[in-house]
Amino acid sequence: MRPLVVEFLARLVEAGIVVMIVDTLRTKEEQTANVAKGVSWTMNSKHLTGDAIDVCPYETFLLHGPDKLKWDAADPVWARIGAIGQACGLKWGVIKGGVRIDLGHFEFLS
């Protein structure tokens with residue numbers, strides 16, 4: 001997973017897309033809490049084995065500082081991030097009801 005993530009992050013930098021790494025490895029307790037909060041959907045998350053990463057792009061990093069994350073799923077930057085992740089061999093997001101959700105989630109294809 002690590003070499004794929006390094007390539008993914010490098011390609012994002014090359015594309016001029018600044019992201020924050022939101023999450024990587026989680027404990028079982030952290031995953032249980034995330035499921036309870038509704039921000040994760042399974043106790044079989046690849047975050048538990050270190051085979052997943054969550055990222056979020058900065059909306060206006062250079063203009064307004066590092067606290068302006070772009071969570072809007074309709075923003076076209078997510079498609080660019082997803083395409084870069086997939087080109088690196090990562091699975092992008094979660095498909096639920098035929099719709100891709102959790103756009104910042106990338107995991108190792110096993």
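Q: Why does cysteine 88 count as buried?
A: Its relative accessible area is 5%. Buried means under 20%, exposed over 50% and partly exposed in between, with a 1.4 Å probe and protein chains only, so cysteine 88 falls in the buried class. This is a predicted model, in which local features need pLDDT of at least 70 and side-chain atom pairs count only at pLDDT 80 or more, while totals for chains, interfaces and linings use all residues. Residues are numbered from 1 along each chain as its sequence is written, and side-chain values use heavy atoms, leaving out hydrogens and water.

Q: What makes glutamate 7 and arginine 11 a salt bridge?
A: The term asks for a side-chain nitrogen of Lys or Arg within 4 Å of a carboxyl oxygen of Asp or Glu. Between the side chains of glutamate 7 and arginine 11 the N to O distance is 2.5 Å, and the pair therefore meets the rule. Five salt bridges are counted by this rule.

Q: Where do glutamate 7 and arginine 11 lie?
A: Both are in helix 1 (residues 2–14), four residues apart, or about one turn of the helix. Helices (H or I, at least four residues) and strands (E, at least two) are DSSP runs, numbered from the N terminus. Glutamate 7 has 30% relative accessibility and arginine 11 has 33%, so each is classed as partly exposed.

Q: How do you know that arginine 26 forms a salt bridge with aspartate 23?
A: Their closest N and O atoms are 2.5 Å apart, which places the pair inside the limit for a salt bridge. Asp23, Arg26 and Asp54 are linked in a network of salt bridges. Arginine 26 is buried, at 8% relative accessibility.

Q: What do lysine 91 and glutamate 107 tie together?
A: Their side chains meet in a salt bridge, with 3.7 Å from N to O. Lysine 91 is in strand 3 (residues 90–96) and glutamate 107 in strand 4 (residues 99–108), so the pair ties together parts that are 16 residues apart in sequence. At 35% relative accessibility lysine 91 is partly exposed, whereas glutamate 107 is buried at 12%.

Q: Why is the pair of phenylalanine 8 and phenylalanine 106 described as tilted?
A: The structure holds one aromatic pair. The ring centres of phenylalanine 8 and phenylalanine 106 are 4.6 Å apart and the planes are at 45 degrees, so the pair is tilted. Rings of Phe, Tyr and Trp (its six-membered ring) pair if their centres lie within 6.5 Å; planes under 30 degrees apart are stacked, over 60 edge-to-face, and the rest tilted. The pair links distant parts of the chain, with phenylalanine 8 in helix 1 and phenylalanine 106 in strand 4, 98 residues apart. Phenylalanine 8 is buried at 0% relative accessible area, and phenylalanine 106 is buried at 0% as well.

Q: What makes leucine 4 partly exposed?
A: Leucine 4, in helix 1, has 21% relative accessibility, which puts it in the partly exposed class. From leucine 4 to glycine 89 there are 85 residues in sequence and 7.1 Å in space, C-alpha to C-alpha.

Q: Why is arginine 80 classed as partly exposed?
A: Its relative accessible area is 44%, which gives it the partly exposed label. Arginine 80 is in helix 4 (residues 77–87). Its C-alpha is separated by 18 Å from that of isoleucine 95, 15 residues apart along the chain.
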